[in-house]
Every structure is written in C-alpha cells, then in structure tokens.
Amino acid sequence: MDLEQLSGRLLFAVPKKGRLHEAVLKLLSGADIQFMRKMRLDIALSSNLPLALIFLPAADIAQFVGEGNVDIGITGKDMVAEANAESVVEILMDLGFGKCDLCVQVPVESPYKEPKDLIGKRVVTSFEVVSKNFFAELERAATNGTNGTQQAQLQTSIRYISGSVETGCALGLADAIVDLVESGDTMRAAGLHSIGVVLKSEAVLICNRKKHNTNPLIETIRRRIQGVIAAQKYVLCNYNITREKLPAARQITPGRKAPTISPLEDEGWIAVQVMILKNTVADIMDKLEAIGARDIMIFSINNCRLD
C-alpha cells in the first residue's frame, strides 16, 4: 500500500486478533465504518469515511495511540495500564464488552490468603508493569515505619512470561501469578483461585490526548459507537391502552424522557411508544398486560443517538 493513501485520514487502531477482535468488527459494522481488508495487510482504508483502520496487537495499541502514531484505538483498560499510557491517552468511553479482572492467583492449597501475604515472594505474569506497581504499593504500606533492613527484605520478585502464565506455580516458577480472569475456567483447571483483584478491565475507545479536539471525525466516531452500544441495551415497546390507564402505564414505562403518545380512532384508547431496557422486557410486558394494555409489541433497535 502506498503510504500517501493515509494522508488526511484518521488512523484508527483495532485489535488484529484475540478476545476483542470479533466484537470490535461487529461494532465497526454497526457504526457503518465500511472497509475491505486485503489478505495479509494490516491497514484497511474506509470506503465511506476519511479513515484508515490499522490492525495491531491489542497490547501495542495504547502505546501507538499515546505516542501519536495513530489517532484513536480500541483496546482493553488493562493494556492501557500496562503501557503506562494513562497520562497520554484519553478514554473516550467504556464499550461494555471484553470484561475481565486482572487477579492475583495462587494454588488452592496455598497458605497465602491475600495479596499482601506474597510480599517478598515470587510472582510471574505477562502484566509486569501493572504487577510491579501493585506490589510496590503493598510493600510501601507494609514497610511504613520499619527500618531499612526490614524494608530490603520485602522486595517481591516479579518475573515476566509471555504465555501460559497459569502454569507458573505448577512448574515451580512462582508462588503466585497475576493474570486475566474472564470466566475462571482456566484458573480452576490449573488448580488456582483468586485472592485479590489488581484491576477490572473491559474494552475501551481511546484517543491521543493532544488530538481529541483536532479532528471532528473523532467525535463522530465516538457518537456512532455510543449509538451502537445504546441500541444493544434498549428495545422499542409499542402498546395500546385506555387513556384513563395512562398514568399507571407511565409508571411502568416512563421512557428516557417521556413516552410518545398518539390517539387512536377508537375513542378513549391511545398508542404508546417507548424505549425500555432489553433485560426488562418480560417483566414490563407482564405489568402492562396486568393493567389492561393490549397489542404489546417489542422491536429491535439497530442504532440510535441518545443524549
């Protein structure tokens, strides 16, 4: 690809593989960011926006955004923290998927019951920066008021390994590990359990702090993605009800601001249209039916823009 084709385009970094990849592609599709990625190329030009998608390892995206090599990106909060990029990266919004916890884990039969018990012990992780910061805080708290000799003995060993972190204890490399926990299946299969959460993570939309207000397309992308995420949470509820029952119906379905109400030709009846949370649909339909609502219908929302 000719690099001149990137001139004037917003550079948007997205995970090229891994646990966030498929969810990000669905999000881009919902936001109508159209592109065609040619095989083996990690750069794809949008066909409907002045934008180029840059496919990168999720672990590198925060650094690239922070250093200004790309303008915006999607990665995990854990990756932003591991890149020490909080000061140069702005989190534009949480995306609600890819949720997991970065946990301190030890063998089930281990004598260690909480993270501070591991001060001065051996820990392996692929999150070296975050782990060092976490245990440094524990060490500072534990050594408050102690003399220099005691403080020197409280240096926790943090060792980096790039993969299969859960095997660290079984292989004798460490007394504990720090690793991501999503469902917990891998942790339990390895005979481990969590004794503390270092940080909670999910996918986030980030941008370079210096570039947020330099390109209006950044805000356009943020609003589009926000609309897709909101549409995943809500559905549209339509129903008919007698006007005298409207106060009771509004208690059940108040809407985000107020329901849309239209008169029907049948005198005394009205039609109500309102957004409701998707996870409340069955309960709301039961309550509406109980007060006399009829013709209750639920419609999916593909996209929306909410204040």
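Contact here means heavy atoms within 4.5 Å. The model is predicted: local features need pLDDT of at least 70, side-chain atom pairs count only at pLDDT 80 or more, and totals for chains, interfaces and linings use all residues. Residues are numbered from 1 along each chain as its sequence is written, and side-chain values use heavy atoms, with hydrogens and water left out.

**Figure 1**
L217 has its place in helix α7; helices (H or I, at least four residues) and strands (E, at least two) are DSSP runs, numbered from the N terminus. With neighbours within four places in sequence set aside, L217 is in contact with L10, L49, P50 and L51. Along the chain L217 and L51 are 166 residues apart, and their C-alpha atoms are separated by 8.7 Å. L217 counts as buried because its relative accessibility is 11%; buried means under 20% relative accessible area, exposed over 50%, and partly exposed in between (1.4 Å probe, protein chains only).

**Figure 1. The six-stranded open sheet.**
The strand order is β2-β3-β1-β4-β11-β5, and the pairing is mixed; two strands pair if DSSP finds at least two bridges between them. β2 (43–45) and β5 (89–94) stand at the edges with a single partner strand each, so one side of each is left without a neighbour in the sheet. On average, neighbouring strands of this sheet are turned by 30 degrees against each other, direction ignored. Axes are lines fitted to C-alpha atoms, for helices over the stretch in contact, and angles run from 0 to 180 degrees between N-to-C directions. Two bridges pair strand β1 (residues 10–15) with strand β4 (residues 72–76) in the parallel sense. A13 has G73 in β4 as its bridge partner.

**Figure 2. Helices α1 and α7 on the six-stranded sheet.**
Two helices that pack on the six-stranded sheet are shown here. Helix α1 (residues 21–30) touches β1, β3 (51–56) and β4, and its direction makes about 140 degrees with that of β1. Helix α7 (residues 216–233) touches β1, β3, β4, β5 and β11 (203–208), and its direction makes about 30 degrees with that of β5.

**Figure 3. The largest nonpolar core.**
A nonpolar core is a set of buried Ala, Val, Leu, Ile, Met, Phe, Trp, Tyr and Cys residues joined through side-chain atoms within 4.5 Å. The largest such core has 29 residues, of which F12, L51, L95, I221 and I225 touch the most other members. Two or more residues each come from β1, α1, β3, β4, β5, β11 and α7. Helix α7 gives the largest share, six residues. Leaving aside neighbours within four places in sequence, L95 is in contact with L27, I74, E202, A203, V204, L205, I225 and I229. Another core, of 20 residues, lies apart from the largest one and has V106, I119, V178 and I195 among its members.

Strands β7 (residues 122–125) and β9 (residues 176–181) run parallel and are joined by three bridges. V123 has A176 in β9 as its bridge partner.

β7 and β8 run parallel, joined by four bridges. T125 stands opposite Y160 in β8 and opposite V178 in β9. S131, which has its place in helix α4, touches T125, I158 and V178, not counting residues up to four places away in sequence. S131 is buried, with a relative accessible area of 0%.

**Figure 4. The largest pocket.**
On a 1 Å grid over the protein atoms alone, a pocket is an open set of points where a 1.4 Å probe fits, with protein on both sides within 12 Å along at least five of seven lines; lining residues have an atom within 4 Å of a point. The largest pocket holds about 580 Å³ of space; grid points are joined across faces, edges and corners, and a volume is the space filled by probe spheres set on the points. Of its 26 lining residues, M79, S126, F127, D179 and L180 are the closest to its centre. Two or more lining residues each come from α2 (58–66), α3 (77–82), β9 and α6 (185–189). The largest share of the lining, four residues, comes from β9.
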